[in-house]
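Open your viewer and get ready to select residues by number. Follow the stops in order.

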Amino acid sequence: MLTQEELKNLLEYKDGKFYSKVNRTRLRIGEEAGGVCPSTGYYRLRIYNKLYKRARLVFLYHKGYFPVIVDHINGDITDDRIENIREADQHTNQYNAKLRKDSTSNVKGVTWSKSHNKWQVRICVNGHRKSLGYYEDFELASLVAKEGRNKYHKEFVRHE
């Protein structure tokens with residue numbers, strides 16, 4: 001398991017990126033380490049023949065341990081500045097997810113219920129869907145969804 005000390009001996013951190021402190025096979029001193037994974041969009045680095053997400057390494061570099069999950073506060077998975085990452089779990093990381101592309105209402109947690117002929121508001125809380133009711137008025141449904149996210153998602157809230 002990679003340690004904070006080993007990481008600091010190999011790499012220098014600056015503004016969310018790592019730069020080599022030692023000459024390696026394909027990397028010279030001062031060159032930026034890592035690259036973008038084409039399938040996920042996350043930056044990653046290979047250290048001792050193991051791939052790591054850069055955000056997790058930034059966390060290790062500053063905090064001294066690997067978190068289970070790293071959450072990007074601003075939602076930009078390429079922004080690995082320490083100010084933009086925080087430890088999360090599976091549930092709280094999902095609270096900060098962006099609006100789904102297949103959203104029909106363009107508001108997180110608000111969907112049209114054909115069976116009730118109203119706007120339904122549901123949010124996830126600790127991995128379970130919580131119903132916040134049905135509303136004829138779209139603006140009211142949007143407001144209820146926003147208030148529910150504020151109440152249950154706290155500092156991990158994302159409205160868009």
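**Stop 1: a serine in a loop**

Select serine 105. Leaving out residues up to four places away in sequence, serine 105 touches Val110, Trp119 and Phe138; contact means heavy atoms within 4.5 Å.

Before moving on, note that this is a predicted model: local features need pLDDT of at least 70, side-chain atom pairs count only at pLDDT 80 or more, and totals for chains, interfaces and linings use all residues. Residues are numbered from 1 along each chain as its sequence is written, and side-chain values use heavy atoms, with hydrogens and water left out.

Where does serine 105 lie? Serine 105 is in the loop between α3 (90-95) and β8 (110-113). Helices (H or I, at least four residues) and strands (E, at least two) are DSSP runs, numbered from the N terminus.

Is serine 105 buried or exposed? Serine 105 counts as buried because its relative accessibility is 8%. Buried means under 20% relative accessible area, exposed over 50%, and partly exposed in between (1.4 Å probe, protein chains only).

Now show its side chain. The side chain of serine 105 reaches the backbone oxygen of valine 110 at 2.6 Å.

**Stop 2: the sheet**

Select β8, β9 and β10. These 3 strands form an open sheet in the order β8-β9-β10, with antiparallel pairing. The edge strands are β8 and β10 (128-135), and each pairs on one side only. Two strands pair if DSSP finds at least two bridges between them. On average, neighbouring strands of this sheet are turned by 35° against each other, direction ignored.

Zoom in on β9 (residues 118-125). Strand β9 pairs with β10 in the antiparallel sense over 7 bridges. Find isoleucine 123: opposite stands lysine 130 in β10.

**Stop 3: a glutamine in β9**

Select glutamine 120, which lies in strand β9. Glutamine 120 is buried, because its relative accessible area is 11%. Its side chain makes a polar contact with the side chain of tyrosine 134 (3.2 Å). A polar contact is a pair of N or O atoms within 3.5 Å; within protein, one must be able to donate a hydrogen and the other to accept it, and residues adjacent in sequence count only if both atoms are side-chain atoms.

**Stop 4: a covered helix**

Select α2 (residues 54-63). How many of its 10 residues are buried? The number is 7, so α2 is mostly covered. Among the buried residues are Arg54, Leu57 and Tyr61. Finish on glycine 64, which follows α2 and has a positive phi, near 90°.

Key: Axes are lines fitted to C-alpha atoms, for helices over the stretch in contact, and angles run from 0 to 180 degrees between N-to-C directions.
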